[in-house]
Amino acid sequence: MAHTLDAFLAQLRTQPAVLVTVQHSQGSVPREAGAWMAVFAQRVFGTIGGGHLEWDALSQARLHLAGSSSVPAPWTQRTVLGPRLGQCCGGALELGFEPVSAADVQQLSQRLQPRLTPLALFGGGHVGHAIVQALAPLPFAVHWVDSRDDVFAPDAPTQVHTEHSDPVHAAVRHLVPGSRVLVMSFSHAEDLDVVAACLERQRERHDLPFVGLIGSRTKWATFGRRLQARGFSPSELAHVTCPIGLPGITDKAPAVIAASVVAQLLLLNATGAG
């Protein structure tokens, strides 16, 4: 999302566009209110849901850019997603059409900036790299932490902040409140220390809504005993999710694990859990 916005604004500095925004929605619709699509003469950034709805909006925007539209700008259009559009969602929405240019870059940068969920990722291994790539187009601000040098991807997305921390668990105290935490370092000892630091912070501040640890149930049973020996209660240990990812997916390829874990995070955001 952030990458799409950056690309749109870069193009807008050289060419005018029409910004199409879902202003209101009712019932079942392809995209929620706030979704947008930027239409240039030859390029499009973003989407309002695809299908005939988007194609019709695209055509209207390009008519305006070509100077062929009879509708005064800016304008709005209410659309029912029924047989006329060949879309049977059954809902209705209002689209706003807004001509924009280089003069609008700064205000659009602020207005369209997606709300990002903070995520702390401990571990720069294969799965960590796969998770960072899977999160690249999604609304997460990633704080990527490792105790080793030179393990981070040199082309990490713009919403990723990297930190070398030794000891690695020292970074926990500085995490943004509300951070979701994923623990997957190269060392079980580091994993244990990070989880312990998260539980300590949760005990004091109650501001880490999700702490997920990569590994098996056997690993978590061992960790549970060691964490209890450090003074954490069973109710505190229940705050940790291990294994992570959606149940039923057994493939251990990094990209598959990443897809499963990211889907779990999106589900937690959607349900308000965690």
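Is Cys-242 buried or exposed, and at what relative accessibility?

Reply: This is a predicted model. Cys-242 has 13% relative accessibility. Buried means under 20%, so Cys-242 counts as buried. Cys-198 has 1% relative accessibility, so it counts as buried too.

Next, the sulfurs. The disulfide count is zero. For Cys-198, the nearest cysteine sulfur belongs to Cys-242, 13 Å away. Seen from Cys-242, the nearest cysteine sulfur is that of Cys-198, again 13 Å away. A disulfide needs the two sulfur atoms within 2.5 Å.

Five strands form an open sheet, in the order E3-E2-E1-E5-E4. The pairing is antiparallel. Strand E3 (44-46) and strand E4 (75-80) are the edges. Each of these edge strands pairs on one side only. On average, neighbouring strands are turned by 20° against each other, direction ignored.

Within that order, take E1 and E5. Strand E1 covers residues 17-26, and strand E5 covers residues 92-100. They run antiparallel, joined by nine bridges.

Helix H2, residues 51-65, lies across E1, E2, E3, E4 and E5. Strand E2 spans 36-39, and H2 runs at about 40° to E2.

Key:
Residues numbered from 1 in each chain as written. Predicted model: local features only at pLDDT ≥ 70, side-chain atom pairs only at ≥ 80, totals over all residues. Heavy atoms only, no water. Pairing = 2+ DSSP bridges. Helix = DSSP H or I, 4+ residues; strand = E, 2+ residues; numbered from the N terminus. Axes fitted to C-alpha atoms, helices over the stretch in contact; angles between N-to-C directions. Contact = heavy atoms within 4.5 Å. Buried < 20%, exposed > 50% of the residue type's maximum accessible area, 1.4 Å probe, protein only.
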